[in-house]
Amino acid sequence: MKTPAIQIHDVHKQFGQLNALNGIDLSIEQGEFFALLGPNGAGKSTLINIMAGLLRPTIGHVSIMGHDVIADYQQARMALGVVPQELVFDPFFNVREMLRFQAGYFGHGPENDAWVDQVIEGLGLTDKAHTNMRKLSGGMKRRALIAQALAHRPPVIVLDEPTAGVDVELRQMLWGFIKQLNREGHTIILTTHYLEEAETLCERVAMMKQGKIVALDTTANLLKSHAGKNLRLTLKGAHLPPALLPMLKHGELGVFTLALSDLTQVEFALAELRKANVDIEDMQLIEADLEDVFMSLVGGV
Ligand SMILES: Nc1ncnc2c1ncn2[C@@H]1O[C@H](COP(=O)(O)OP(=O)(O)OP(=O)(O)O)[C@@H](O)[C@H]1O
Ligand SMILES: [Mg+2]
């Protein structure tokens with residue numbers, strides 16, 4: 001069997017009285033495109049910082065490509081590229097210099113320049129390659145930080161909310177580039193609050209809540225096992241009969257989405273609408289998505 005890209009064994013992290021991580025066990029195989037999801041404060045960034053060797057676990061072990069992040073820090077760090085959630089950067093260099101320095105920290109020399117240029121191009125930074133980091137717009141800084149994480153060509157890439165505050169064009173460019181890296185064999189771990197991104201990109205998902213993993217499965221299995229269907233109703237007149245309110249997921253401007261635990265609830269909904277003399281303009285049965293799974297597993301914290 002291949003060495004896992006990331007192996008996390010019984011990791012706990014305490015900050016004073018707070019248990020930010022509560023016994024995390026997780027193994028991510030080489031070549032996976034993996035999503036780490038969870039509400040604010042669930043512990044995602046804490047776990048990522050432990051992977052990156054920036055924080056020490058209170059208990060437990062983490063290894064990257066078989067290298068323990070504490071005992072074998074250098075090798076573990078070489079194998080990992082982390083795009084941090086916070087925008088932190090060195091203001092004195094231009095983009096290309098910064099990337100070459102970054103690769104230099106990891107022992108690369110001019111032989112790596114072709115890769116640096118590939119990253120610059122892949123992230124749409126060609127025009128900004130000679131611009132000083134502090135003069136970049138927020139979205140461009142985000143691109144440069146992603147490039148920085150990739151500069152030493154790590155086999156394992158962790159992206160902590162890379163698309164927060166990023167425009168649609170960059171998101172598409174970024175995902176196109178990251179998908180290509182994944183096809184070339186890089187392991188990708190992603191956190192995001194845009195669940196539709198995780199749903200379309202990631203083949204496996206872990207959902208965290210209060211420092212624990214509450215679901216770990218393929219995206220397809222999670223969609224199959226944890227969520228029913230939704231009924232989208234467009235009604236004449238903006239009122240939903242009170243009996244249907246417990247099923248309401250969201251509703252505005254006369255369009256209401258009801259969560260169905262099974263299909264017999266369609267009949268129930270229609271009967272209630274008839275009883276209340278509400279006219280239905282349109283009705284659609286739609287598949288539940290990862291957001292439904294998320295809300296049923298970790299919602300209401
Ligand atoms: N350095 C720290 N000192 C004390 N508490 C911390 C520290 N870092 C994180 N925490 C706490 O640990 C918990 C987990 O935080 P973490 O940043 O890992 O969450 P997250 O899942 O990344 O959330 P978000 O989606 O908001 O980024 C939170 O309650 C947070 O306040
Ligand atoms: Mg975070």
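Axes are lines fitted to C-alpha atoms, for helices over the stretch in contact, and angles between them run from 0 to 180 degrees between N-to-C directions. The exercises below use a predicted model.

**Exercise 1.** Find how helices α3 and α4 are oriented to each other, and which residues meet.

Solution. 
- Step 1. Helix α4 covers residues 113-122, and its axis comes within 10 Å of the axis of α3. The two axes cross at roughly 130 degrees.
- Step 2. The crossing in which α3 passes α4 is right-handed.
- Step 3. On the α3 side the contact involves Arg96, Leu99 and Arg100, which meet Asp113, Val116, Asp117 and Ile120 of α4.
- Step 4. Sorted by class, this contact of α3 with α4 holds 3 nonpolar and 4 charged residues, and no polar ones.

**Exercise 2.** Work out the orientation of α3 relative to α5, and describe their contact.

Solution. 
- Step 1. Helix α3 spans residues 95-105 and helix α5 spans residues 138-150. Their axes come within 9 Å and cross at roughly 25 degrees.
- Step 2. Angles under 35 degrees count as roughly parallel, so α3 is roughly parallel to α5.
- Step 3. Here too a handedness can be given: α3 passes α5 in a right-handed crossing.
- Step 4. From α3, Met98, Leu99 and Gln102 make the contact, and from α5, Ala144, Ala147 and Gln148.
- Step 5. These residues divide into 4 nonpolar and 2 polar, with no charged residue.

**Exercise 3.** Determine how α5 and α6 lie to each other, and class the residues between them.

Solution. 
- Step 1. Helix α6 runs over residues 168-183, and its axis comes within 12 Å of that of α5, with a crossing of roughly 10 degrees.
- Step 2. The two helices are therefore roughly parallel to each other.
- Step 3. Gly139, Arg143, Ile146 and Leu150 of α5 meet Leu170, Met173, Leu174, Phe177 and Leu181 of α6.
- Step 4. By class, the contact has 7 nonpolar residues, 1 polar and 1 charged.

**Exercise 4.** Describe the largest pocket and its lining.

Solution. 
- Step 1. The largest pocket holds about 350 Å³ of space.
- Step 2. Its lining consists of 19 residues, and Leu54, Arg77, Val82, Pro84 and Val88 lie nearest the centre.
- Step 3. At least two lining residues come from each of α1 (44-51), α2 (73-78), β6 (80-83) and α5.
- Step 4. The lining divides into 10 nonpolar, 6 polar and 3 charged residues.

Notes. Residues numbered from 1 in each chain as written. Chains lettered and ligands numbered in written order. Predicted model: local features only at pLDDT ≥ 70, side-chain atom pairs only at ≥ 80, totals over all residues. Heavy atoms only, no water. Helix = DSSP H or I, 4+ residues; strand = E, 2+ residues; numbered from the N terminus. Parallel < 35°, antiparallel > 145°, perpendicular 65-115°, else oblique. Left-handed = near helix turned anticlockwise from the far one by under 90°. Contact = heavy atoms within 4.5 Å. Nonpolar A, V, L, I, M, F, W, Y, C, P; charged D, E, K, R; others polar. 1 Å grid on protein atoms, 1.4 Å probe; cavity = no way out; pocket = protein on both sides within 12 Å on 5 of 7 lines; lining within 4 Å. Points joined across faces, edges and corners; volume = space filled by probe spheres on them.
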